[in-house]
Amino acid sequence: MGKLGKYRFMKRFQSISSFLPDTRIATKANIKAMIRLYESLYLKPDTGTGGHGIYKIGRTKNGFSLRSGTASRHFPTIDALYRSIHSRLIQRPFVVQKGIAVLKHNDRAFDIRVMVQKNKHRQFIPTGIVGRLARPNKIVTNYHSGGTPLPLELLLQSHLKRDARKKYIQSIEKLGKTASEVLAKSYKTKRAFGVDIAVDSRMKPWILEINTKPDMSIFNALKNKTMYRRILSYAHITK
C-alpha cells in the first residue's frame with residue numbers, strides 16, 4: 001500500500017482514526033475542495049521516501065502559494081496553481097493531505113519519528129524517538145533532505161514544562177506503538193515501523209505517515225547512541 005492505502009486502512013480503526021489528517025488522491029477537485037477547508041495542504045507522492053517531490057499549498061491574501069524545497073511561487077487562483085503542477089501529478093500518483101501548523105524550535109518547524117519494533121515475544125515496543133528539525137524555510141524535516149535529528153526533550157522545552165514533557169513524550173511513544181499495531185494487521189510479517197508524527201499548536205499529535213522500511217541512520221546521528229544501539233539489538237531479533 002502507498003500513503004493513501006495505508007490511510008484508508010488505518011482510518012477504519014477508532015484507536016487512531018482521530019489522529020489521521022484528511023488525506024485524498026490528488027485530483028483537481030480534491031485539491032480545490034480541501035483548500036477551502038484548510039489553511040494549507042501538502043502534496044506528496046503516494047509512494048516514495050526521503051521527503052522528495054513534496055509541495056505545500058497555502059492560502060494568501062492575493063491567492064495561493066506553492067512551495068517546494070525553499071522556493072515559493074504565487075498564483076491568483078487555485079486553477080492557475082493546479083495547471084503549474086498538473087504534469088507532475090499525472091506522471092505518478094500523488095496524495096493531498098491536510099496541512100498541520102506544526103510546532104517550531106527557533107522558528108524552524110519540527111516533527112517526530114518513533115521507531116517501533118517487535119521484541120522476542122512478537123510484541124511491538126517503542127525503541128526510539130527523535131525530533132526532526134527542518135532547515136530554515138524548508139517544508140520537509142526528513143533527515144536525508146537536510147533535517148537535523150535532535151532529542152525531542154530539547155525541542156519541546158519551550159512548549160512544555162519538565163514533568164509535562166516526560167509524560168507527553170511517553171504519550172507520543174504510545175501513539176506510535178498503537179499505530180504500528182494497527183498497520184501490522186495488514187503488514188503481518190513486518191517487524192519494524194517508523195511512525196512520523198507532527199504536533200500542532202494545541203499539542204495535538206497527528207500521524208503523518210508510517211514507514212514500513214524505516215531508516216535507522218537518523219538515530220545514529222544523535223550524540224547519545226543509546227537508542228541507536230537498542231534499535232540495532234531489536235533489529236537482530238529473529239522470528
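How many salt bridges does a search of the whole structure find? The part I want examined is strand β2: is K44 in that strand buried or exposed?

Reply: This is a predicted model, in which local features need pLDDT of at least 70 and side-chain atom pairs count only at pLDDT 80 or more, while totals for chains, interfaces and linings use all residues. Residues are numbered from 1 along each chain as its sequence is written, and side-chain values use heavy atoms, with hydrogens and water left out.

The search of the whole structure finds 10 salt bridges. A salt bridge here is a side-chain nitrogen of Lys or Arg within 4 Å of a carboxyl oxygen of Asp or Glu. K44 is buried but takes part in no salt bridge. Buried means under 20% relative accessible area, exposed over 50%, and partly exposed in between (1.4 Å probe, protein chains only).

Strand β2 covers residues 40–45, and K44 lies in it. Strands (E, at least two residues) and helices (H or I, at least four) are DSSP runs, numbered from the N terminus. Of the 6 residues of β2, 6 are buried, so the strand is largely enclosed by the rest of the structure. S40, Y42 and K44 point to one side of β2, whereas L41, L43 and P45 point to the other.

For K44, the nearest side chain of opposite charge belongs to E209, 4.9 Å away. In this count Lys and Arg are positive and Asp and Glu negative; His and the chain ends are not counted. The K44 side chain does make a polar contact, at 2.9 Å, with the side chain of Q97. A polar contact is a pair of N or O atoms within 3.5 Å; within protein, one must be able to donate a hydrogen and the other to accept it, and residues adjacent in sequence count only if both atoms are side-chain atoms. Leaving out residues up to four places away in sequence, K44 touches K3, I54, P93, F94, V95, Q97 and L208. Contact means heavy atoms within 4.5 Å.

Next, the sheet around β2. Strands of a sheet pair through backbone hydrogen bonds, either parallel or antiparallel. Here 6 strands form an open sheet in the order β1-β6-β2-β3-β4-β5, with antiparallel pairing. Two strands pair if DSSP finds at least two bridges between them. The edge strands are β1 (23–25) and β5 (71–75), each of which pairs on one side only. From one strand to the next, the twist averages 25 degrees.

β2 is joined to β3 by 4 bridges, and L41 stands opposite I57 in β3. With β6, β2 pairs over 5 bridges in the antiparallel sense, and P45 stands opposite F94 in β6. β6 (residues 94–98) is also joined to β1 by 3 antiparallel bridges. In that pairing T23 stands opposite Q97, the residue that makes the polar contact with K44.

Helix α1 (residues 3–10) touches β1, β2 and β6, and its direction makes about 130 degrees with that of β1. α4 touches β2, β3, β4 (63–68), β5 and β6, and its direction makes about 30 degrees with that of β4. These angles run from 0 to 180 degrees between N-to-C directions, and the axes are lines fitted to C-alpha atoms, for helices over the stretch in contact.

One joins the side chains of D79 and K28 (3.1 Å, N to O). D79 lies in helix α4 (residues 78–91) and K28 in helix α3 (residues 28–37), so the pair ties together parts that are 51 residues apart in sequence. D79 is partly exposed at 24% relative accessible area, and K28 is partly exposed at 34%.

Another joins E39 and R59 (3.3 Å, N to O). E39 sits in the loop between α3 and β2, R59 in strand β3 (residues 55–60), and the two are 20 residues apart. E39 is exposed at 58%, while R59 is partly exposed at 37%.

R113 and D196 are both buried, and they belong to a network of salt bridges that links D111, R113, R132 and D196.
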